[in-house]
Amino acid sequence: MKVRPNRIGEEIKKELVLLIRNGIKDPRVDSLISITDVEVTRDLSYATVYISRYGSETERNDALEGMKAAAGFMRSELSKRLKLRTVPELIFKLDDSLQYGAKIETILQQIHREQND
């Protein structure tokens with residue numbers, strides 16, 4: 001049962017959203033970044049943070065690099081805000097599900113138009 005890692009993941013997600021909005025000065029990390037999910041390992045040593053950002057591939061990769069660069073700062077801020085013995089190490093990954101969903105939606109609309117013609 002993964003109740004505790006899920007709960008901690010949700011808390012980390014909430015705090016990271018606040019940090020992105022207010023605490024990080026890196027221009028690559030802006031308010032266009034969304035945290036879609038946080039998965040914490042059972043032993044609470046690692047947290048995989050899935051981020052999404054609208055824009056070009058270059059902008060998305062820059063945002064990922066900015067988040068990776070700020071990982072140490074974010075982890076230290078999380079240690080101040082969360083009551084945990086040790087804060088998990090943050091691993092950032094791009095979440096392509098929004099772009100994938102939009103692509104499928106476009107294909108479905110195209111098929112629907114072709115059937116109506």
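First, the conventions. This is a predicted model, in which local features need pLDDT of at least 70, side-chain atom pairs count only at pLDDT 80 or more, and totals for chains, interfaces and linings use all residues. Residues are numbered from 1 along each chain as its sequence is written, and side-chain values use heavy atoms, with hydrogens and water left out.

Let me begin with the charged pairs. The structure holds 9 salt bridges, a salt bridge being a side-chain nitrogen of Lys or Arg within 4 Å of a carboxyl oxygen of Asp or Glu. In one of them, Arg-53 pairs with Asp-30, and the closest N and O atoms are 3.0 Å apart. This pair links distant parts of the chain, 23 residues apart: Arg-53 lies in strand 2 (residues 46-53), and Asp-30 in the loop between helix 1 (3-22) and strand 1 (33-40). Helices (H or I, at least four residues) and strands (E, at least two) are DSSP runs, numbered from the N terminus.

How accessible are the partners? Arg-53 is buried, at a relative accessible area of 9%, while Asp-30 is partly exposed at 22%. Here buried means under 20% relative accessible area, exposed over 50%, and partly exposed in between, with a 1.4 Å probe and protein chains only. Arg-53 also meets the side chain of Glu-59 in a salt bridge, at 3.6 Å from N to O. Glu-59 is partly exposed, with a relative accessible area of 37%.

In general, an α-helix has 3.6 residues a turn, so residues three or four places apart point the same way. As for accessibility, Lys-80 counts as exposed at 62%, whereas Glu-77 counts as buried at 15%.

That brings me to helix 3 itself. Its buried residues are Ala-71, Met-74, Glu-77 and Leu-78. These residues lie on the same side of helix 3, because they cover an arc of only 125 degrees around the axis, the arc being that of the directions from the helix axis to the C-beta atoms. They pack against helix 1, helix 2 (57-69) and strand 3 (89-94), where contact means heavy atoms within 4.5 Å. The face turned away from the buried side carries the exposed residues Gly-72 and Lys-80.

I turn now to the strands. Strand 1 and strand 2 run antiparallel and are joined by 7 bridges; two strands pair if DSSP finds at least two bridges between them. Ser-34 has Ser-52 in strand 2 as its bridge partner. The hairpin of these strands has 5 residues between them, and Leu-44 there takes a positive phi near 65 degrees.

Asn-22 is in helix 1 and is exposed, at 58% relative accessible area. Its C-alpha atom is separated by 29 Å from that of Val-3, 19 residues apart along the chain. Ile-111, for its part, is in helix 4 (residues 97-116) and counts as partly exposed at 39%.
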